[in-house]
Amino acid sequence: MSTIYSGSLAPFAVLLWPLLIGLVPIVPRWRANALRLLPFAPLPALGFAMAGAPGSVVIPDLMLGVQLGSGPDTSLLLGMTALVWTVAGFYAALFMARGSAAGVFASFWCLTLAGNLGVFLAADIITFYIAFAAVSLAAWLMVVHDRTKDALAAGRVYIALAVLGEAALLSGLMIGAAAAEDLQISTVRAAFADAPLGSLGVGLLIAGFGIKAGMVPLHLWLPLAHPAAPVAGSAVLSGAIVKAGLIGMVLLVPEETGWRSVLIVLGLLGAFGAAIWGLSQRNPKAVLAYSTVSQMGLLLVLAGAGSQGVAYAALHHGIAKAALFLCVGMMMLAASPAQRRAVLGLAGLVALSVAGLPLTGGALAKLAGKQGLSEMLALAVTLSSVTTTLVLGWFLIRLAQIPAKPQQISHWGGAFVAIVGLGVLALVLPWVLWSGIVDLPRDYVWRPPNMLEGLWPVLVGLGALAVIRRVKLPEYPPGDVLHLIGNHKLRPVFQLPVGKQGVQYRKRATLRLLLMFKIAERWLLHWPVAGSTLMGVALAVTAMVWIAS
Amino acid sequence: MTALISGLVLPLLAALAAIALPARARLPVALLGVGLTLAASIWLAISVWTNGAITVSLGGWQPPIGIALRADGLGAALGVMTALVMAAVALAARHEMEPLVAGPRTSFGFWPLMLLLWAALNAVFVSRDLFNLYVGLELITLTAVALVAISGKAEAIAAALRYLLFALAGSLLYLAGVVLSYAAHGTLDISLLAARTAVPGDALALGLMTAGLLVKTALFPFHVWLPPAHSAAPAPASAMLSALVPKASLLILLRLWFEAMPELATPVALFTLAGLGALAVIWGGVLALLQARLKLIVAYSTVAQLGYIFLVFPLAGGDGAAQPWAAGAWTGAMFQMLGHGLAKAAMFLAAGIYIAAVGSDRLSDVRGLARALPMTGFAFALASITLLGLPPSAGFTAKYLLMTGAFASGQWAWAFVLVGGGLLAAAYLYRPLTAIFAREIAVTPRPIPWGWQAVPLVLAMLSVALGLLSSVPFDFLQIGRPDQAAEGL
Amino acid sequence: MTTTLPVLLLLPSLVPAAVTFFLPQDSHALRNILQLGGAVLKLGLIVWMLVAVATGATYEAEFPLAPGLVILLRIDALALLFISLSATLWLLTTIYAIAYFGTKAELSRFFGFFSLCVAATTGLALSGSLISFFIFFELLTLSTWPLVAHKQDKPSLAAARVYFTYALPGSAALLWAIIWLESATGPVLFTEPPDLSGLDPAALRAIFALFIIGVGVKAGLVPLHGWLPAAMAAPAPVSALLHAVAVVKAGAFGVVRIVYDVFGAENMTALGVGVPLAIVASVTIVWGSVRALQQDEIKKRLAFSTVSQVSYIVLGAALASPLAMIGGLVHLVHQGLMKITLFFCAGIYDERAGIKRINGLNGMGKRMPWTSACFSLGAMGMIGLPPLAGFVSKFYLGLGAIEAGAPWVLAVLLASTLLNAAYFLPLLYRLWFLPCAANTKCDERAPGLVLPAVVTATATMGVGLLAASPISPLGWATLIVTQGYGP
Amino acid sequence: MSLTVFAMTGATLVGLGVYGLLARVHMLRRIMAFNLIGSGLFLFFGAAGARGAALDPIPQALIITGIVVALAASALAVGLVVALARSSGTACLPDEAGDT
């Protein structure tokens, strides 16, 4: 009570700032223009991250005692998130339709952003959980923003799974906290080892995070939601928000559990399966969504194997994937062939980076990620580049199919520049950060075996792509497993009928019973009856008493 | 001493005066008599409270030759309760029984009869002599019957006649018992009988007297005369009949079993008495459910409420062993006597007000009267709280003490009666209450002076206050209570 | 001083009640002043007392009736938690009710019973002996019945009848239990729990069951909850009061008292009745939510959600672990805040827009933003969305469940969270994301109605946001438990 | 000897009275039956009081009182019967008017 807070308020301010911007649309007059502010919401966070995320804070009275701070991994992701959100915000500010809906969108955008940042800043599970809830629930609005039938259906699936995830997560955290008797993330994580039901708790955590991170088979929502959302939304969803699940795994799932291997297996399944399945999609955003699932699978493998490069790889993927989604947007808005070519070029470049073409950021990410992995896993990671190339190539093909817009629109150039910047960062940022994070000499990248290891899968992938272009690929709507299950509409359950006539019957029965009393009363009223009863009672009492004496 | 005697004499004199004096003076004299008797009863209670039970041997003659009067806590308490009810009745009757309303003949008859009844009641409360009690009882019966028939309506006369028939049969049985016990022991004084040497004949004597008193107390299955009689009588009369008259014979019954011949009590006999009481609770409750007229409902509820009191026979003293306080059950029954008296009088007077207001007591006619006559509705509700045995009313105290006795003595089956009876009461009082408090008024009522409306309200409040401040009455009832009350029969 | 204080606490509600009954119908101003004055005065008293009690002070007042009937009024931390809740919400509900009824008929009667009801609740919280608890319990029943029947149309009369048919047998069971127990142990005071060692465990179990049935009717434990949804026929302020403060809470509070002050945690575990109680509570939690899911009427849905939510408190008591206890106690307050918000809003929708059913809510977010915002906050709190009130209590309950070695409770909490989401989120979706039926005309320019809702909604957020601070309900609940109350 | 006769006679009267009270429907008969029982009891009472050497004064006093009471009762009863007959045309209770 004595101290309001201890530490530096910087991290808190970073979280508070977007929330404040989110309040702007409450004023009706500002509502329409609220979108203009979106690019500015993540800026403090960006600065904070670039400064190396200095300082941490404890606010004892807030909630159950808020603790904010961030370690090296988290600050990387914090920066990436802020960056992605900035550019996506810029895009939204330029191209999203103004109007009353825009105000709501802006508010939820900011709320989601705050949650997304909070996930990386939280140092106690409550704050973490709250941030997580904010990011996953508020993002629902981005999914349904367009109000199309598909969007709403996707929204239903999304919210259902999100709530489910929240519940699982909460239970898992409770188990941990009860064992730890403390709310510090680190202590809770440590406590799982010998907590009662510890492994159940970890399982629940993995389920909770897995849903967000698009872990197979909990990824159902992702291929539905990401295409349904407006471009800016998809960008943050696929680039930044899914990382919330990943960081959860990294922060809270302890190394020494059997669950790690489960993580790896499911990760691999996603990495390859989703990529392949992506080929059955026509909508470029859907293809991208599946590629996200597969990339997240890869990251989960790294997380499961406890590789140091997780955050590093995640950083690259986040930026790249956001850039790709924005490219889709640019393509939709592109009018002239020149613009289309430019977009395709950028997309291709970024795609190659994601595929891990040597000397690109992607390649560095893969190299860093492979550190400390067993041969098998390392090989798997290498192989994944093939499928990645395949699916992203397919994406480019589909991207090219997007019809051109009849007339020019303003600000296209400016937006494109920003996205090019993002794409370039995806390529070079890993170079910049390499020495800071990866404890390998930089020329490690240049070594021929590594170059080769990066190159051949891409070539194989391209070859395969050439083959695929010939054959007619099967087409399925997004949301693979859901279709196997059946419909993805969640109706209200438990419609029980309520009977009435039983009551009526019982009423009549009681009435009949009561009337019998009335008849009996009339009989008792009859004097001869009453009189003789009287005599009888007199004698009876006498007898009873007499027995004794 | 003086208080005790004046409690008997004042109402008699007032009754005589009320007959003798011209119509103008009747009401003032009667009210004066009421006031004085009320004062006397309270004075008696106070003196009992200060210096214990008071015994008077009339004319200095000791029993068995003479007749002894003794005012113990119970008698004095009943006296005060009676006085309060009577005062209320008088205040209500001031309006209800005035010649223009009730007819000259009725209003002429009412006051003397009422005062006479009062005198008889007081006599019964303090007499220790079985024959003396018989005379008191007869006097009560006759005045009561006259009060039932006072309106002169055909149904009233029929009801009165039936009442008389039952009552006379009862008093004959009682008389036979008296005769037998005198023949056996040559005395009728309760205290002396308690010290007698028992003979087999006592059984018959006790049996006859008990049966006779049961009829007069209207215990199931001899309750049949009560509802028609009470509902046929004018409201103030029914108030007295329901609240006071059965209590007199019940008191004699208690004195017989607890004081005169306690050693005759056998478990089976006690069980039978309580069993009849239990039946009465259920029977009265159910039939009250089936009535369409306010007064009939209230009358049947009297049948049920009297049933509770009979549980005292097996339960009395039951908790003497387990509990720090003795005689809980016995005192509980006495609380029931007092509380029921006040509440029931309140209810009948309220019903009287409704009849005066809308000329009928059918539930369909009294709908929504609470809007026009709020105080009366409130009074009725309060009184029902006591009958339901809800806290903090006297009914609750009674139920609580009786139930404690039941559990402590391991006879918890009787508790079912207490609880079930309460629920049943809720069921049969629910309809009249909802009717009275209904939103729309069925019949636009005549205006009623609020001085009259206040009367039942005060009584009902008293019945609640008795429970709210139950510690003093509790101690008061302990004065001169028989040992068997504590030790059980 | 110490003896008069508890009585002093009763007066601010009793006196207005007594006076209001006899006020003429049309003297609105005077009546409102009475009501508000009483409420404010009481709140002041409590705030003043909180400080003293926080330092461990307790106040007692004893009135012996007939032997064994001991009326004991006593202010301890637990009592104060309940009273401060009821006093605060009473003030708000009074404001709301005054605005809600305006100059309708029979207001003197209504407000009379209204204050009486609150007096009964206060007495219930203060009572330090079983008998006084029972007495106020009954007073509560009697004073709420006219409130439920207030409209006096067919449905509300039927509702009132149903209420009675549940309440009276319930109190009969309670009385039975009390007397059964006391006939063996003598009068039971909460200050020193009775010595149950001598009693036959089977009998004790039966007594415990009777106790739970008795208070369970009020707390709406399945299958004794039937009256609660029926009572929805009552006017909105009444529903608010019933669900958030008075009746249902009284039941839950009673469970806490019985578990910890009559039986005591160790006895409960020794008798093996804790787990069954927890199971009953869990069943109630799930069943209530399931039934809520099926309701098409807003108030009905809320009613069933109350059924489910209140059992959190019972659950907390039944688990007999400190953390669960904290969770239960804090939910006593939190549920009150959230639920009263919801009912305030439901009342506004009904009164100002004629919306009774769920499909009427479509697009109301734009038409009645303030109301809808408050409603959404309350609903999200109910779901247990952090950082709102519901989350805190749920979190502590979960921790407590694990602490008590009953992890299956987690599943229950999880299920109820999901179900809560299932029946509240669609409402929010309708409010904010569906186009509204054009013809409905509505305005929420009724500060008397909206303000209380806003206050409680803000509180719902506040108690969650500042949970850790010592002045928050959580802080107070922790204080109670750390002061050695409960397990 | 004579006492026994008195006692027996009293008992017989009581018996007759009880029969009449139960078996007869007409109210006047019932009233007479009541008086029969009463006088039977008093007779028995007197006999009981007359036992032993010294004559016991109390029974006589009580009998006289009792007779007065019985008289009053009968008077009232007859009065009511007359009123009943006037109003309803029969001297029997309503529910029994049919059977004789």
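Mentor: Let's start with a definition: the expected span of a helix is 1.5 Å times one less than its number of residues. Keep in mind that we're looking at a predicted model.

Trainee: Okay, how many residues does helix H2 of chain B have, and what does it reach from its first C-alpha to its last?

Mentor: H2(B) runs over residues 23–51, which gives it 29 residues. From first C-alpha to last it reaches 42 Å, close to the 42 Å expected at 1.5 Å a residue.

Trainee: What follows H2(B)?

Mentor: Gly52(B) does, and its phi is positive, near 65°.

Trainee: How do I read the sides of a helix, and which residues of H2(B) are buried?

Mentor: Here's the general idea: an α-helix has 3.6 residues a turn, so residues three or four places apart point the same way. Now for our case. The buried residues in H2(B) include Arg26(B), Val29(B), Ala30(B), Gly33(B), Val34(B), Thr37(B) and Leu38(B). Further along H2(B), Ser41(B), Leu44(B), Ala45(B) and Val48(B) are also among the buried ones.

Trainee: What do those buried residues pack against?

Mentor: In chain B, they pack against helix H1 (2–20), helix H3 (73–96) and helix H5 (104–126), plus strand E1 (54–57) and strand E2 (68–71).

Trainee: And how do I describe two helices that pack together?

Mentor: Two packed helices are described by the angle between their axes and the distance between the axes.

Trainee: Let's do strands. How do I read a pairing?

Mentor: Two strands pair if at least two bridges are found between them. In chain C, strand E1 (residues 59–64) and strand E2 (residues 70–75) pair in the antiparallel sense over six bridges. Ala61(C) stands opposite Leu73(C) there. E1(C) and E2(C) form a hairpin with five residues between them, and Gly68(C) in the turn has a positive phi of about 90°.

Trainee: In what order do the three strands of the sheet in chain A lie?

Mentor: The order is E1-E2-E3 in an open sheet, with antiparallel pairing. The edge strands, E1 (6–7) and E3 (66–68) of chain A, each pair on one side only. E1(A) pairs with E2(A), residues 57–59, over two bridges, and Gly7(A) stands opposite Val57(A).

Trainee: Now the chains. Which two share the most contacts?

Mentor: As background, the size of an interface is often given as the accessible area lost when the parts come together. Here we count contacts instead: of the five pairs of chains in contact, chains A and B share the most. Their contact takes 22 residues from chain A and 28 residues from chain B. On the side of chain A that touches chain B, H22(A) gives the largest share, 15 residues. That side divides into 16 nonpolar, four polar and two charged residues.

Trainee: How many residues do chains B and C give to their contact?

Mentor: Chain B gives 28 residues and chain C gives 24 residues. The side of chain B that touches chain C has 18 nonpolar, eight polar and two charged residues.

Trainee: How far apart are the nearest C-alpha atoms of chains C and D?

Mentor: They are 37 Å apart, and chain C and chain D do not touch.

Terms used. Residues are numbered from 1 along each chain as its sequence is written. Chains are lettered from A and ligands numbered from 1 in the order in which they are written. This is a predicted model: local features need pLDDT of at least 70, side-chain atom pairs count only at pLDDT 80 or more; totals for chains, interfaces and linings use all residues. Helices (H or I, at least four residues) and strands (E, at least two) are DSSP runs, numbered from the N terminus. Two residues are in contact if their C-beta atoms, placed from the backbone, lie within 7 Å. Ala, Val, Leu, Ile, Met, Phe, Trp, Tyr, Cys and Pro count as nonpolar, Asp, Glu, Lys and Arg as charged, and the others, Gly among them, as polar. A residue is buried if 20 or more other C-beta atoms lie within 10 Å of its own, exposed if 12 or fewer, and partly exposed in between; C-beta atoms are placed from the backbone.
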